[in-house]
Amino acid sequence: MTIGMEPSATMQGSTAWWRTGLAWLQSFAMLALRIALAVPFYRSGLTKWDGFLSLSPTTAFLFENQFQLHIFGNAYPFPYPELMAHLSAIGEIVFPVLLVIGLATRFAALGALGMTAIIFLTYPENWPTEGLPWSAMALTIIAFGPGRIAIDDFVARAMKR
């Protein structure tokens, strides 16, 4: 193309195709990122339950006796350990499901980010290998949204009509 010439219709069409293809690639990448963040939380959440709405005795024991928050070089017991055990178990099931289906995605990613912070206040030595990547994934989802392959996007498009 020579300087000063207008792009032809063929060039404009190929640019539109490229942009559409890139948008779908980004959407698949966001779906993969949502799934990658959801999997470890969901797997952990499954271990916290003994049945429908029946918290595992091990989970309650851990929050009451084992888990400590490490803040400013000191270890503190969890406040309201039974409540924290229930909230953790619920969050580790609900947030991953929301992430995968793309419903309230930014909220679910924010919840996962908050849980990541609590997990790594409990186990600070795992921050570089697990906490940092999980935080980066959650922040990316919060910043860029779920992509096109999500219920959130479908609802947003329906609301524009």
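Which backbone oxygen does the side chain of His-70 reach at 3.3 Å? In this predicted model, the side chain of His-70 reaches the backbone oxygen of Gln-68 at that distance of 3.3 Å, and the backbone oxygen of Thr-122 at 3.1 Å; a polar contact is here a pair of N or O atoms within 3.5 Å, where within protein one atom must be able to donate a hydrogen and the other to accept it, and where residues adjacent in sequence count only if both atoms are side-chain atoms. The model is predicted, so that local features need pLDDT of at least 70 and side-chain atom pairs count only at pLDDT 80 or more, whereas totals for chains, interfaces and linings use all residues. Residues are numbered from 1 along each chain as its sequence is written, and side-chain values use heavy atoms, with hydrogens and water left out.

His-70 is found in strand E3, which spans residues 68–71, helices (H or I, at least four residues) and strands (E, at least two) being DSSP runs numbered from the N terminus. When neighbours within four places in sequence are left aside, His-70 is in contact with Ala-75, Leu-121, Thr-122 and Pro-124, contact meaning heavy atoms within 4.5 Å. The C-alpha atoms of His-70 and Tyr-123 are 7.7 Å apart in space, although the two residues are 53 apart in sequence.

The helix packing is considered next. Two packed helices are described by the angle between their axes and the distance between the axes. Axes are lines fitted to C-alpha atoms, for helices over the stretch in contact, and angles run from 0 to 180 degrees between N-to-C directions. For helix H2 (residues 57–66) and H3, the axes come within 8 Å and cross at roughly 130°, and the two helices are therefore oblique to each other; angles under 35 degrees count as roughly parallel, over 145 as roughly antiparallel, 65 to 115 as roughly perpendicular and the rest as oblique. On the H2 side, Thr-59, Ala-60, Phe-63 and Glu-64 meet Pro-81, Glu-82, Met-84, Ala-85 and Ser-88 in H3. The residues of this contact divide into five nonpolar, two polar and two charged, where Ala, Val, Leu, Ile, Met, Phe, Trp, Tyr, Cys and Pro count as nonpolar, Asp, Glu, Lys and Arg as charged, and the others, Gly among them, as polar.

Helix H3 (residues 81–101) also packs with helix H4 (residues 105–122), their axes coming within 9 Å and crossing at roughly 140°, which makes H3 oblique to H4. This crossing of H3 and H4 is left-handed. In H3, Ser-88, Gly-91, Glu-92, Phe-95, Leu-98 and Leu-99 meet residues of H4 that include Phe-107, Ala-108, Gly-111, Met-115 and Ile-119, and the residues of the contact comprise nine nonpolar, four polar and one charged. Leu-87 likewise lies in helix H3 and, with a relative accessible area of 49%, is partly exposed. Between Leu-87 and Met-115 the C-alpha to C-alpha distance is 9.9 Å, with 28 residues separating them in sequence.

H4 and H5 pack at an angle of about 160° with their axes 8 Å apart, and these helices are therefore roughly antiparallel to each other, with a left-handed crossing. Among the H4 residues that meet H5 are Leu-113, Thr-116 and Phe-120, and among their counterparts in H5 are Trp-127, Trp-134 and Ser-135; by class, the contact has 13 nonpolar, four polar and two charged residues. Ser-135 has its place in helix H5 (residues 127–144) and counts as buried because its relative accessibility is 9%. Apart from neighbours within four places in sequence, Ser-135 is in contact with Leu-113, Thr-116 and Trp-127.

Most residues other than glycine have a negative phi. Tyr-80, which is not a glycine, has a positive phi of about 45°; Tyr-80 is found in the loop between strand E4 (74–77) and H3 and is exposed, with a relative accessible area of 64%. Ala-104 has a positive phi near 50°, lies in the loop between H3 and H4 and is partly exposed, with a relative accessible area of 34%.

Technical notes:
Left-handed = near helix turned anticlockwise from the far one by under 90°. Buried < 20%, exposed > 50% of the residue type's maximum accessible area, 1.4 Å probe, protein only.
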